[in-house]
Amino acid sequence: MVDYSSQEPNGLSRQHSETINTEDFGLFLKQSDPFDFDVMLEIKDKEKSAIKAIDLAITDWRCIIS
């Protein structure tokens, strides 16, 4: 299990952003390619960001949606 969050651009240290940064999340998926794990999003707009994350991850070999 990996907790994933996007940093609030002008926020305090460790402050989660309102929505996922899709460019950063796509890079995270590429850089973590050899590893298989579950991802838990730490983002304020949970469902909206989850849909964005799934749209990016759907083509990844590790993506299993149940």
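**View 1. Packing of helix α1 against its neighbours in the predicted model.** In this predicted model, the buried residues of α1 pack against β1 (2-4), β2 and α2. These buried residues are F25, G26, F28 and L29. They cover an arc of only 155° around the axis, and so they sit on the same side of α1. The face of α1 turned away from this buried side carries the exposed residues E23, K30 and Q31.

**View 2. Residue K30 on helix α1.** K30 is found in helix α1. With a relative accessible area of 67%, K30 is exposed, because the threshold for that class is over 50%. Between K30 and A57 there are 9.9 Å in space, C-alpha to C-alpha, and the two residues are 27 apart in sequence.

**View 3. The two faces of helix α2.** Helix α2 comprises residues 46-57, 12 residues in total, and reaches 16 Å from its first C-alpha to its last. This span is close to the 16 Å expected at 1.5 Å a residue. The buried residues of α2 are S49, A53 and A57. Seen down the axis of α2, they fall within an arc of 70° and therefore line one face of the helix. Elements that cover the buried residues of α2 include α1 (22-31) and β2 (39-41). On the other side of α2, the residues E47, K48, I51 and D55 are exposed.

**View 4. Surroundings of the buried residue S49.** S49 lies in helix α2. S49 counts as buried because its relative accessibility is 0%, and the class requires a value under 20%. Not counting residues up to four places away in sequence, S49 touches T19, I20, L41 and I43.

View 5. The largest nonpolar core has 9 residues, namely Y4, I20, F25, F28, L29, L41, I43, A53 and A57. Helices α1 and α2 each supply at least two residues of this core. The most is given by α1, with 3 residues. In soluble globular proteins, nonpolar side chains tend to be buried together. L41, one of the core residues, is in contact with Y4, I20, F25, K46, S49, A50 and A53, leaving aside its neighbours within four places in sequence.

**View 6. The largest pocket and its lining.** The largest pocket has a volume of about 540 Å³. Its lining consists of 19 residues, of which F37, V39, A57, C63 and I64 are the closest to the pocket centre. At least two lining residues are supplied by each of α1, β2 and α2. Helix α2 gives the most to this lining, with 4 residues. A57, listed among the residues closest to the pocket centre, is also a member of the largest nonpolar core.

**View 7. Residue T59 in the segment after helix α2.** T59 is placed in the segment that follows α2. T59 and Y4 are 55 residues apart along the chain, and their C-alpha atoms are separated by 19 Å. Y4, in turn, belongs to the largest nonpolar core and is one of the residues in contact with L41.

How values were computed
Residues numbered from 1 in each chain as written. Predicted model: local features only at pLDDT ≥ 70, side-chain atom pairs only at ≥ 80, totals over all residues. Heavy atoms only, no water. Expected span 1.5 Å × (residues − 1). Buried < 20%, exposed > 50% of the residue type's maximum accessible area, 1.4 Å probe, protein only. Arc of directions from axis to C-beta. Contact = heavy atoms within 4.5 Å. Core = buried A, V, L, I, M, F, W, Y, C linked by side-chain atoms within 4.5 Å. 1 Å grid on protein atoms, 1.4 Å probe; cavity = no way out; pocket = protein on both sides within 12 Å on 5 of 7 lines; lining within 4 Å. Points joined across faces, edges and corners; volume = space filled by probe spheres on them.
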